[in-house]
Amino acid sequence: MLIEKKERVIMGIDPGTAIMGYGIVLEKGSKIELVGMGIVKMNHLDDHFLKLQRIFEKTIALIDEYKPDVLAIEAPFYGKNIQVMLKLGRAQGIAMAAALSRNISVTEYAPRKIKQSITGKGTASKEQVAAMLQRLLGFKETPEFLDATDGLAVAVCHSFQRISTANTGKSYSGWDAFAKDNKKRVK
């Protein structure tokens, strides 16, 4: 039987080619503490490939500094502008590659899932997410850019997924296994 660590560091990233937000939390059992958050600005760079290089280098530097056990990253949302989607996908891929190059597992979350786990509402605004994180983690300062709290939200979302499933002590290989074990709950 695997013995789970009592503590783990989770790094969350909100990828972007103008501003990348990140947040780091320390999970101790069912409690989480804020370790740090911030942004990486790239809007001063004109070349897309220089931006990707900056994302890679900064992600590696953050990994080396905070030694996360896992990287949680926001998945690109669906948009009308395919060029923007392509650039966001590249930014996400570069951050993922940085983590994987350091043997850190990566988990991806949809924006709606992140907002839902933090505020209970999948359509919450960035400001609502930031306000809820302030209450949850007990910090007062409001970051200059909400991209920082967006990155933090990804990390907290990842922690919440483990905490909510860890409390039951059960995992299921599929719907059939769940239904068989929960006959009273399935109609």
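Start by selecting D150 and K126: their side chains meet in a salt bridge, with N and O 2.2 Å apart. Keep in mind as you look that this is a predicted model. D150 sits in helix α5 (residues 146–166) and K126 in helix α4 (residues 126–137), so the pair ties together parts that are 24 residues apart in sequence. Now colour the two by accessibility. D150 has a relative accessible area of 9%, so it is buried, while K126, with 38%, is partly exposed.

How many salt bridges does a search of the whole structure find? The count is four. For another of them, select R8 and E27, whose side chains meet at 2.7 Å, N to O. R8 belongs to strand β1 and E27 to strand β2, so this pair ties together parts that are 19 residues apart in sequence. Are R8 and E27 buried or exposed? Both R8 and E27 are buried.

Next, pick E33 and K28, another salt bridge, where the closest N and O atoms are 3.3 Å apart. E33 is partly exposed, at 38% relative accessibility. K28 is partly exposed too, at 35%.

Now switch to cartoon view and find the sheet. It is open, has five strands in the order β3-β2-β1-β4-β5, and its pairing is mixed. At the edges stand β3 (31–41) and β5 (105–109); each has a single partner strand, so one side of each is left without a neighbour in the sheet. Look along the sheet for its twist, which averages 20 degrees from one strand to the next.

Zoom in on β1 (residues 7–14) and β2 (residues 19–28). These two strands run antiparallel and are joined by eight bridges.

Then show helix α2 (residues 82–101). What does α2 lie across? Select β1, β4 (70–74) and β5 to see: α2 lies across these strands, running at about 175 degrees to β4.

Last stop: helix α3 (residues 111–119). Select P111, I114, S117 and I118, which are buried. Why do they end up on the same side of α3? They cover an arc of only 135 degrees around the axis, which puts them there together. Finish by stepping on to G120, which follows α3 and has a positive phi, near 85 degrees.

Technical notes. Residues are numbered from 1 along each chain as its sequence is written. This is a predicted model: local features need pLDDT of at least 70, side-chain atom pairs count only at pLDDT 80 or more; totals for chains, interfaces and linings use all residues. Side-chain values use heavy atoms; hydrogens and water are left out. Buried means under 20% relative accessible area, exposed over 50%, partly exposed in between (1.4 Å probe, protein chains only). Helices (H or I, at least four residues) and strands (E, at least two) are DSSP runs, numbered from the N terminus. The arc is that of the directions from the helix axis to the C-beta atoms. Two strands pair if DSSP finds at least two bridges between them. Axes are lines fitted to C-alpha atoms, for helices over the stretch in contact, and angles run from 0 to 180 degrees between N-to-C directions. Contact means heavy atoms within 4.5 Å.
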